[in-house]
Amino acid sequence: MFYINFRKSLLAALILMSVSTAQPSIYSIFDKVGCATDWFLTKGDLSEHNQKLFEEMAAKLGIQDRNIKAKNSGLFLRLMAGYQNALAMQHLNRTYFNDTVLNEMSDDAKRFLMAHELVHHRQNHVFKRGLAIMLLKCATIASTIALAGQNNFNARYLSNGINLRIARLSLWKLIEAQIMQGQETEADTKAITIACADPEFGVEALDSLYHPNATDWPLYAKVLLLFQKATIWLYDWPILKQHAPHLVSYKERVAYVRSLKKNKNQINS
Ligand SMILES: [Zn+2]
């Protein structure tokens with residue numbers, strides 16, 4: 001559900017994309033890069049059954065020709081992005097899941113989660129976000145130069161930001177967070193409206209990511225989950241809502257996914 005920002009490979013992939021005239025072949029190049037990183041990023045393939053479900057959802061989204069690989073995430077990814085989280089990396093032509101966590105879900109919940117990740121590939125979210133980050137960095141540098149010498153709240157908010165110890169608050173950072181949230185919402189939406197995942201099983205998948213049963217998890221994963229639980233309530237905090245209305249809490253995400261069910265029923269009836 002979250003990305004890792006490998007800026008160098010992303011930049012290389014963007015350059016490759018811009019010079020390529022034959023779009024399908026670009027994915028085989030990404031695949032080669034992904035293949036070269038498998039020893040470090042993965043613990044092998046997903047189970048055969050899970051790979052079949054993944055291929056089924058790729059076909060529903062019309063991107064089966066890209067031959068995107070579904071891999072079992074390795075220790076590095078689990079430490080960086082959370083033990084249970086899934087990650088779409090278009091520049092490596094791969095999506096990473098924790099196969100053990102995946103196997104605790106029903107097949108329909110897996111379908112929703114896989115479709116969500118594949119929408120990130122389909123809509124080129126990784127590249128769009130990379131481009132947006134570069135442009136926002138340029139805006140940050142330009143505004144910092146333009147507002148140099150001014151030390152009031154507004155000037156800092158509109159330039160390189162206010163240091164809040166745990167995060168930096170600035171207009172550009174908020175725009176970046178808005179873009180990321182927009183992509184997550186689009187992935188949830190299209191997983192249901194295009195890949196036909198069932199919203200109620202979408203809720204099951206989200207529940208197992210936000211509120212997992214960690215009894216059998218390794219110690220480091222339990223510690224990471226404690227950090228997640230310590231911050232998750234912040235998204236419902238009224239003051240945060242006031243200043244960062246784009247941030248979506250677990251409850252809001254579930255309500256949105258369920259609202260797609262109602263829309264779907266209305267369309268069908
Ligand atoms: Zn996502």
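**View 1. Contacts across the whole chain.** In the protein chain, 74% of the contacts with a separation of 6 or more join residues 24 or more positions apart; two residues are in contact if their C-beta atoms, placed from the backbone, lie within 7 Å. This is a predicted model, in which local features need pLDDT of at least 70 and side-chain atom pairs count only at pLDDT 80 or more, while totals for chains, interfaces and linings use all residues. Residues are numbered from 1 along each chain as its sequence is written. The protein chain holds 13 helices and 6 strands, which are DSSP runs numbered from the N terminus (helices: H or I, at least four residues; strands: E, at least two). Of its 269 residues, 28% count as buried, meaning that 20 or more other C-beta atoms lie within 10 Å of the residue's own, with C-beta atoms placed from the backbone.

**View 2. The largest nonpolar core.** Here you meet 37 residues, and those with the most contacts inside the core are Met 57, Phe 112, Ala 115, Leu 118 and Ala 191. Such a core is a set of buried Ala, Val, Leu, Ile, Met, Phe, Trp, Tyr and Cys residues joined through C-beta atoms within 7 Å. Elements giving it two or more residues include helix H2 (23-41), helix H3 (48-60), helix H6 (107-122) and H9. H6 gives the most, with 7 residues.

**View 3. Helix H9 and Ala 191.** Helix H9 covers residues 171-193, and its 23 residues should span 33 Å at 1.5 Å a residue, which agrees with the 32 Å between its end C-alpha atoms; the expected span is 1.5 Å times one less than the number of residues. Its buried residues are Trp 172, Gln 183, Ala 187, Asp 188, Ala 191 and Ile 192. Not counting residues up to four places away in sequence, Ala 191 touches Phe 112, Ala 115, His 116, Val 119, Ala 197 and Gly 202.

**View 4. The open sheet.** Four strands line up in the order S1-S2-S4-S3, with mixed pairing; two strands pair if DSSP finds at least two bridges between them. S1 and S3 stand at the edges with a single partner strand each, so one side of each has no neighbour in the sheet.

**View 5. Bridges around Tyr 96.** S2 and S4 run parallel, joined by 4 bridges, and Lys 71 has Tyr 96 in S4 as its bridge partner. S3 pairs with S4 in the antiparallel sense over 3 bridges, where Tyr 96 is the bridge partner of Leu 87. Lys 71, in S2, also stands opposite Asp 45.

Methods:
A residue is buried if 20 or more other C-beta atoms lie within 10 Å of its own, exposed if 12 or fewer, and partly exposed in between; C-beta atoms are placed from the backbone.
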